[in-house]
Amino acid sequence: MSNLLQKIDSRTKLVGENRLELLVFKLAGQQKYAINVFKVREVVQMPELAALPSRHSAVCGVAHLRGSSFSVIDLQAALGRAPLFESGKPTNLIISEYNSSVQGFLVGQVDRIVNLNWEAIIPPPVTSGANNFLTALAKIDELFVQIIDVEKVLADIIPYNTNVSGNILDSSLKVWAQQNDIKVLVVDDSTTARNQLKSTLAECGVGCIQASNGAEGLATLKRLADQGPINDAIMMMITDAEMPEMDGYRLTHEVRNDPELAHLHVLMHTSLSGTFNQALVKKVGCDGFLSKFQPDEVAQVIQEQLSALKAGIEG
């Protein structure tokens, strides 16, 4: 299993080329699922777990590995099905890092790593409902692999706090933003992530236009630009990195190379590795980078942009 993931670091060059690698696995049945390799630290056989009092029903316990401890989530139970942990079937542990925290996902058979273009990744059908746990689908060997919305899984177990600290907010800026109908475009394939940002933006008095992937985000920007200067329509764009059809890096590249959009402020907001992203967002032309999900830091960026916009209009 270690051989499967030993070259992950060298594969980070795929990010920013509108490509990704998926770690494909099964749960108890034959349906295949996937998460982005870039978020995976390693895959190991299931270790012994320590009990965790008052745990969430999807949390199996705590694993101790290489000097660190982390919670182990039964991914099948988290998806609302019978726990894999109690099935007696062979299991593996995917150790991953999301939003600056480490967690383990209990899964069944780990299949392989596949290299795909984001254009080959399609959003889930709208008929799948708002509460599904998918961000996208990928067709591999004529079968549809379901890409898990890990942010939703984690938010259901440990709800994120979207409230901004009182000492961060400037009430006068909030009122000014509301009076001037200031909006931000949020581009993210996770419904959970978009709703988190929408709540935090509302605390700053800022409205939210949403797009569920980079291609939809770019189409939204072009439509707004056709109606007048883009900065008259939105103050800035906040985009995720990983998205179907077009990732956030390619989206930023397209923005910077469009004369009508080039001056738009772009913030990358992602659960991917901070060190790597900080170098990459500079390369593609983002104005800033934030790890998910830190409402105070989001609010600070929003208020900085509001202050600059207000000064420009009133000055």
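This is a predicted model: local features need pLDDT of at least 70, side-chain atom pairs count only at pLDDT 80 or more; totals for chains, interfaces and linings use all residues.
**Exercise 1. A salt bridge across the chain**

Is Glu42 buried, partly exposed or exposed?

- Step 1: Buried needs under 20% relative accessible area and exposed needs over 50%. Glu42 has a relative accessible area of 23%, so Glu42 is partly exposed.
- Step 2: Look for the partner. The side chains of Glu42 and Arg66 form a salt bridge, at 2.6 Å from N to O.
- Step 3: Check Arg66 against the cut-off. With a relative accessible area of 62%, Arg66 is exposed.

**Exercise 2. Walk across the sheet**

Find the strand order of the open six-stranded sheet, then follow the pairing out from β1 and in from β9.

*Solution.* 

- Step 1: Read the order, which is β8-β1-β2-β11-β10-β9, with mixed pairing. The edges are β8 (110–117) and β9 (121–122), each of which pairs on one side only.
- Step 2: Start at β1 and turn to β8. These two strands are antiparallel, with seven bridges, and Glu21 has Asn115 in β8 as its bridge partner.
- Step 3: Now take the β2 side. β1 and β2 also run antiparallel, joined by five bridges, and Leu22 sits opposite Asn36 in β2. Five residues separate the two strands of this hairpin.
- Step 4: Ask how enclosed β1 is. Seven of its eight residues are buried, so β1 is largely enclosed by the rest of the structure.
- Step 5: β9 pairs with β10 in the antiparallel sense over two bridges, and Ile121 is partnered by Ala138 in β10.

**Exercise 3. Where two helices meet**

Describe how α3 and α5 meet, and say which residues make the contact.

*Solution.* 

- Step 1: Size up α5. Its 13 residues (191–203) reach 19 Å from first C-alpha to last, close to the expected 18 Å. Just past the helix, Gly205 has a positive phi of about 80°.
- Step 2: Get the geometry. The helix axes come within 7 Å and cross at roughly 65°.
- Step 3: List the contact. Glu151, Lys152 and Ala155 in α3 meet Thr192, Ala193 and Gln196 in α5. By type, that is two nonpolar, two polar and two charged residues.
- Step 4: Zoom in on Thr192. At 15% relative accessibility, Thr192 counts as buried. Leaving out residues up to four places away in sequence, Thr192 touches Asp149, Glu151, Lys152 and Ala155.
- Step 5: See what else Lys152 does. Its side chain makes a salt bridge with Asp156, at 3.7 Å from N to O. Both residues lie in α3, four residues apart, about one turn of the helix.
- Step 6: Compare their surroundings. Lys152 is buried at 11% relative accessible area, whereas Asp156 is partly exposed at 40%.

**Exercise 4. From a pair to a network**

Which residues are joined with Arg112 and Asp141 into one salt-bridge network?

*Solution.* 

- Step 1: Begin with the pair. Arg112 and Asp141 form a salt bridge, with the closest N and O atoms 2.3 Å apart. Arg112 is in β8 and Asp141 in the loop between β10 and β11, 29 residues apart.
- Step 2: Check accessibility. Arg112 is partly exposed at 28%, and Asp141 is exposed at 56%.
- Step 3: Follow the shared partners. Salt bridges join Lys32, Asp111, Arg112 and Asp141 into one network.
- Step 4: Finish with the tally, which is 14 salt bridges.

How values were computed:
Residues are numbered from 1 along each chain as its sequence is written. Side-chain values use heavy atoms; hydrogens and water are left out. The expected span of a helix is 1.5 Å times one less than its number of residues. Two strands pair if DSSP finds at least two bridges between them. Axes are lines fitted to C-alpha atoms, for helices over the stretch in contact, and angles run from 0 to 180 degrees between N-to-C directions. Contact means heavy atoms within 4.5 Å. Ala, Val, Leu, Ile, Met, Phe, Trp, Tyr, Cys and Pro count as nonpolar, Asp, Glu, Lys and Arg as charged, and the others, Gly among them, as polar. Buried means under 20% relative accessible area, exposed over 50%, partly exposed in between (1.4 Å probe, protein chains only). A salt bridge is a side-chain nitrogen of Lys or Arg within 4 Å of a carboxyl oxygen of Asp or Glu.
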